[in-house]
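I opened the notebook to write down what I looked up, one entry at a time.

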Amino acid sequence: MSKRWGNLLLIGTHIAGWLPLIIMIVAWSTGNLTFNPVQAATIRSGRTAIIFLVLSLAITPINTLFGLRQFIPIRRWLGLYAFLYAAVHVSIFTGVDYGFDLALLREAILEKPYAFVGAATFLILLPLALTSTKGWMRRLKKNWKRLHRLAYLAGPLATIHYAWAQKADIRIPIAVGILILLLLGLRIGPVRAWASQVRYLPRTLRNLFISHNSGRVDLSVR
Amino acid sequence: MVPIKSSEITSEHIYVARRGFIKAMGFTAAGAFLAACAPKSSPDPIDGPTPVAQGGMDELGDPLNSFDAITNYNNYYEFSLDKTAVARASRDFQISPWTVEVGGMVRNPGVYDIDDLRTKFAQQERIYRLRCVEGWSMVIPWMGFPLKELLAQVEPTSDAKYVRFETVYRPEEMPGQGSGFYSWPYVEGLRIDEAMNDLTLLATGLYGRELLPQSGAPIRLVVPWKYGFKSIKSIVRIDLVDEMPVSLWMDAAPNEYGFYANVNPDVPHPRWSQSSERRIGETGRRDTLPFNGYAEEVAYLYEGMDLRVNY
């Protein structure tokens with residue numbers, strides 16, 4: 001994959017990152033976000049956060065399976081967009097919905113498992129977002145990687161939160177959960193070793209991502 | 001870019017007329033379609049009479065929700081899980097002809113035509129709060145008649161302890177009924193004294209108009225002191241029975257949705273609090289009232305009962 005494709009991928013990531021928020025704000029401010037915009041915005045931002053979280057967790061396995069290291073630079077951004085939407089989600093819930101009513105919030109968060117798990121997920125994502133810069137990477141050295149493994153916990157917790165917020169039918173959250181477990185499973189040593197062999201099988205698929213000009217894989221990672 | 005010549009631009013009066021023509025074509029076609037498959041006129045979302053309610057607020061002084069909000073934001077899982085998609089998904093639902101079969105432990109079982117129900121029982125406006133188990137609420141001016149009037153007609157026997165209601169089962173028209181997650185058709189139930197309470201309404205309209213399909217046309221239950229899901233829609237069967245009916249929601253998640261489902265701020269849903277709610281049209285939250293504000297009328301029905309057990 002050429003540098004041009006890498007840049008396009010990055011630009012695409014940023015567009016995909018901001019578009020849902022822009023669409024939501026426009027819909028809300030023009031009165032087109034249902035008759036219950038607070039709930040719609042809460043659900044939408046939460047769902048978007050989970051989508052970005054899943055995507056960020058998918059980058060490493062994509063590399064393992066297909067040898068597509070070119071996707072790695074967008075991993076950090078996918079994680080940051082997951083945090084952005086989680087922050088929007090939490091802000092709407094605490095500020096707009098509950099009007100920062102601490103008594104109500106305390107009841108909602110401490111007494112009800114789904115809000116509690118949601119709050120825990122956000123508290124995990126917060127330090128990851130804050131330490132996502134290269135400066136923090138240098139400062140924390142080995143510990144940076146350890147700290148950022150918390151993302152593996154955030155994925156399942158977010159899914160549990162998502163499932164518990166449903167009225168009864170949790171088939172979609174279960175599907176998301178299975179996907180996340182698969183993505184996490186592909187990180188386990190032996191599984192990873194086996195999966196990395198698989199990459200040589202679907203050559204044709206891989207060729208799709210190889211620059212047609214040079215015919216070789218650009219492995220440079222910024 | 002080649003500039004468009006001003007002579008090529010359609011002048012306003014022409015395109016307005018053209019639009020009018022196209023619209024008229026559409027209405028004619030729609031009219032022909034409706035005439036072909038609906039012998040009795042069904043309420044038309046476009047041409048129906050202006051929605052008018054006699055009252056402007058509930059007895060607590062809160063204003064009515066708009067006709068638009070009521071008919072475009074509601075749950076009806078038979079059509080869609082998305083509250084904003086129900087109206088569209090139910091547009092072609094056939095609500096005429098329609099009969100309701102009333103039977104079970106009664107002396108005078110019968111099959112009632114919807115038009116007979118509308119004329120036999122005086123239709124009255126009832127402005128009720130509707131509290132959804134999801135934590136939102138509306139104020140709705142229903143049209144209908146008390147269920148007790150119909151029950152008086154069919155005369156329940158002394159063995160009858162509960163009333164069981166059933167929604168129509170038409171998976172070809174109700175895509176949600178194809179979902180295997182729930183045990184269709186929708187079933188709900190009331191204890192007979194709850195059914196005989198004057199608040200319990202069989203609604204056939206709202207805002208002075210006949211119900212639209214998305215609101216549970218042509219006839220639905222309204223039990224204002226219970227969570228919205230108890231107010232079963234598009235009823236085709238009412239049976240008097242001696243055992244507590246198992247509702248669709250009890251069947252789907254028995255530990256979360258009970259038979260009584262009374263609005264109660266002190267009994268949380270196992271996964272979320274029920275102590276507050278959002279009135280549609282408002283941004284913040286308001287306290288949820290015991291029995292949705294109808295405690296005076298109905299609290300006696302549950303005297304001596306542990307409402308945490310009988311949720």
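Which residues of helix 8 of chain A are buried? I keep in mind that this is a predicted model.

Entry on helix 8. I looked up where helix 8 of chain A lies and found residues 151-164, which makes 14 residues. From the first C-alpha to the last, helix 8 reaches 20 Å, close to the 20 Å expected at 1.5 Å a residue. I then listed the buried residues of helix 8: A:Ala154, A:Gly155, A:Leu157, A:Ala158, A:Thr159, A:His161 and A:Tyr162. I noted the general rule that an α-helix has 3.6 residues a turn, so residues three or four places apart point the same way. Next I looked up what covers the buried residues of helix 8, and the cover includes helix 2 (37-66), helix 5 (113-130) and helix 9 (171-185) of chain A.

Entry on chain A as a whole. I counted 11 helices and 0 strands in chain A. Read along the sequence, the pattern is α-α-α-α-α-α-α-α-α-α-α. Chain A has 222 residues, and 32% of them are buried. Among contacts in chain A with a separation of 6 or more, I found that 66% join residues 24 or more positions apart.

Notes. Residues numbered from 1 in each chain as written. Chains lettered and ligands numbered in written order. Predicted model: local features only at pLDDT ≥ 70, side-chain atom pairs only at ≥ 80, totals over all residues. Helix = DSSP H or I, 4+ residues; strand = E, 2+ residues; numbered from the N terminus. Buried ≥ 20, exposed ≤ 12 C-beta atoms within 10 Å, placed from the backbone. Contact = placed C-beta atoms within 7 Å. Expected span 1.5 Å × (residues − 1).
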